Structures are given as structure tokens and as C-alpha cells.
Amino acid sequence: ILWSLFSQGIGGLNLDVFTLSTPAPGSRGGLLNAILGSIGMCLVGMIVAVVVGVLAGTWLAEFAGNSKYGSLVRFINDILLSAPSILVGLFVYALLVKPFGGFSGWAGAMALSVLAVPVIVRSTEDVLRLQPGALREASVALGAPLWKTVISVLWSSARAGMLTGALLAFARISGETAPLLFTALNNQFLNLDPSHPTASLPVVIFQFALSAYDDWRRLAWAGALVLAVSVLFVNITARLFIREQKRP
């Protein structure tokens with residue numbers, strides 16, 4: 001698989017891939033609109049996911065304890081971790097696409113955020129539970145309220161693990177295709193307005209790889225290589241943070 005990806009993907013890589021938008025068959029073009037669309041939707045989705053995921057994971061680790069409501073939230077989060085991404089796409093389609101009468105980059109970003117939130121919730125809860133109880137006791141003994149202890153002490157101590165969870169969530173959503181087909185759809189042209197249909201790299205790869213045109217298939221292989229290398233880089237970065245966190 002890796003040999004096919006690199007051997008065929010490198011042949012399609014050139015400067016046009018990063019400077020021109022997706023072309024008509026037989027025309028000169030690249031993947032600029034798809035790359036920018038993917039980056040934009042992933043960033044917006046991650047902003048939402050990090051805020052919700054960190055707060056939810058902190059609540060589960062520091063406030064929920066073993067309560068029934070906390071156990072229910074953990075159970076639902078575990079279900080969402082393994083939920084098919086196409087179901088998330090259908091959910092966001094019914095919530096944000098159909099009522100507003102059109103596909104949009106905002107809807108795509110929200111679909112990606114729903115996929116990223118469970119990963120961040122689980123990683124945040126786990127890394128906060130690993131923090132020594134002495135940190136909490138020392139902070140409370142100095143008169144700090146619990147919320148101040150969480151923000152100033154626990155988050156600071158666990159920031160490497162929390163960042164690792166966010167990077168892993170980003171790596172997961174960056175290659176998702178199914179939810180974007182139902183939400184952002186696609187756009188052949190460069191679109192910087194997320195209220196309209198927006199191109200994304202996974203969707204362009206999906207469409208171009210199934211086409212009958214050789215130039216489109218070359219672009220699909222090039223896009224697949226760019227996406228794979230990007231996800232590999234994010235995963236390596238996450239591993240480095242994990243290694244740094246484990247050092248005494």
C-alpha cells in the first residue's frame with residue numbers, strides 16, 4: 001500500500017498541486033482549493049472540539065467522580081468514539097444542512113468536531129486522572145478554589161498529554177470523507193466563504209480516483225500522498241509529546 005502510494009503519488013506532485021484549484025478534465029490544475037478547504041474546516045472543527053472536549057473531560061475527571069450521571073456521560077462518549085462517521089454526517093445534515101437549505105463549510109466543520117470531541121474527552125480525562133493527588137492537596141491547602149486548582153495547576157501539569165489528545169483527534173478527522181459528503185459537499189473553485197459548499201482533500205481524492213480521466217487520477221494520487229504525509233507528521237508530533245510526558 002505504501003509503495004503504491006509513494007510511487008504513484010510522487011509522479012503527480014508538482015507546484016501546480018499547491019497553487020492551482022481543481023481543474024476540468026484535460027485542463028491544468030491542482031488541489032489548492034481542496035487543501036485550504038480541509039485546513040479551514042479542520043481548524044474550525046478542532047477549536048470547537050478542544051473547548052467542548054477539554055471542559056467535558058475535566059468535568060468527568062475532577063467533578064463527576066463515580067456518579068451515575070458521570071458514568072452515563074462516559075458510556076455515551078465511548079459509543080461516540082466508535083460511531084460510524086457517516087452517521088455523524090447524516091446527523092449534521094439533518095441539523096445544519098437541510099434546515100438552512102444548503103451545504104456549507106460550517107456544517108462540515110461541525111461534523112468534524114463531533115468526531116473529534118470523544119477523542120479529546122477521553123484523553124483529557126485520562127491524563128488528568130494520572131496527575132498526583134498531592135498537586136490538588138497542595139493547591140487547596142494554599143487556599144485556591146477547585147476551579148483555580150484545575151486551571152492553574154492540573155491543566156498546566158497535564159498540558160502535554162492534553163495536546164497529544166488534540167493532535168490525535170486532528171489526525172483522525174483530517175482524512176474523513178463520508179461526513180463531508182453530507183455537509184460541505186465540494187466546490188471546484190477556491191471558496192473562502194464557509195457559508196457555501198467547500199472543497200476538501202478527502203472528497204476530491206474520492207471523486208477524482210473514481211473518474212475515467214488520467215489527469216484527475218494523478219491528482220487523486222498526489223492528494224492521497226499529501227494527506228498521508230500530513231497525518232504521519234501529526235502522529236509523529238503526538239508521539240514526541242507522549243515521550244516527553246513520560247520522562248521523569
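Modeller: A word on terms before we start: a residue is buried under 20% relative accessible area, exposed over 50%, and partly exposed in between, with a 1.4 Å probe and protein chains only. This is a predicted model, in which local features need pLDDT of at least 70 and side-chain atom pairs count only at pLDDT 80 or more, while totals for chains, interfaces and linings use all residues. Residues are numbered from 1 along each chain as its sequence is written, and side-chain values use heavy atoms, with hydrogens and water left out.

Colleague: Fine. How many helices and strands does the protein chain have?

Modeller: There are twelve helices and zero strands.

Colleague: What does the C-alpha trace span along its principal axes?

Modeller: About 70 × 45 × 30 Å. The chain has 248 residues, and 44% of them are buried.

Colleague: Which residues make the nonpolar surface patch?

Modeller: Leu2, Phe6, Ile10, Leu13, Phe18 and Val229 make a patch of about 550 Å². A patch takes residues with over 30% relative accessible area and no salt bridge; like charges are joined within 9 Å, and nonpolar side chains (Val, Leu, Ile, Met, Phe, Trp, Tyr) within 5 Å.

Colleague: Which helix gives the largest share of the patch?

Modeller: Helix H1, residues 2–12, with three residues. Leucine 2 lies in that helix, and it counts as exposed because its relative accessibility is 59%.

Colleague: Switching to charges. How many positive and negative side chains are there?

Modeller: The chain has 16 positive and 11 negative side chains, with the centres of the two sets 5 Å apart. Lys and Arg count as positive, Asp and Glu as negative; His and the chain ends are not counted. The place of a charge is taken as NZ of Lys, CZ of Arg, CG of Asp or CD of Glu.

Colleague: What is the count of salt bridges?

Modeller: Six, where a salt bridge is a side-chain nitrogen of Lys or Arg within 4 Å of a carboxyl oxygen of Asp or Glu. One of them joins the side chains of aspartate 16 and arginine 28, at 2.8 Å from N to O. Aspartate 16 sits in helix H2 (residues 15–19) and arginine 28 in the loop between H2 and helix H3 (32–64), twelve residues apart, and the pair links distant parts of the chain.

Colleague: Is arginine 28 buried or exposed?

Modeller: Arginine 28 is exposed, because its relative accessible area is 65%. Aspartate 16 has 17% relative accessibility, so it counts as buried.

Colleague: Which residue forms a salt bridge with glutamate 125?

Modeller: Arginine 74, with the closest N and O atoms 2.6 Å apart. This pair also links distant parts of the chain, with glutamate 125 in helix H6 (residues 105–129) and arginine 74 in helix H4 (residues 68–81), 51 residues apart. Glutamate 125 counts as buried at 6% relative accessibility, and arginine 74 counts as buried at 17%. Arg74, Glu125 and Arg129 are linked in a network of salt bridges.

Colleague: By how many helical turns are aspartate 214 and arginine 217 separated?

Modeller: About one, because they are three residues apart in helix H12 (residues 214–246). Aspartate 214 is partly exposed at 46% relative accessibility, and arginine 217 is partly exposed at 30%.

Colleague: Last topic, backbone. What phi does leucine 185 have?

Modeller: A positive one, about 60°, although leucine 185 is not a glycine. Most residues other than glycine have a negative phi. Leucine 185 lies in the loop between helix H10 (178–183) and helix H11 (201–209), and it is partly exposed, with a relative accessible area of 34%.

Colleague: And what does leucine 181 touch?

Modeller: Phe103, Val203 and Phe206, not counting residues up to four places away in sequence; contact means heavy atoms within 4.5 Å. Leucine 181 is in helix H10 and is partly exposed at 28% relative accessible area.

Definitions and conventions: Accessible areas come from the Shrake-Rupley method with a 1.4 Å probe; for residues, only the protein chains shown count as cover. Helices (H or I, at least four residues) and strands (E, at least two) are DSSP runs, numbered from the N terminus.
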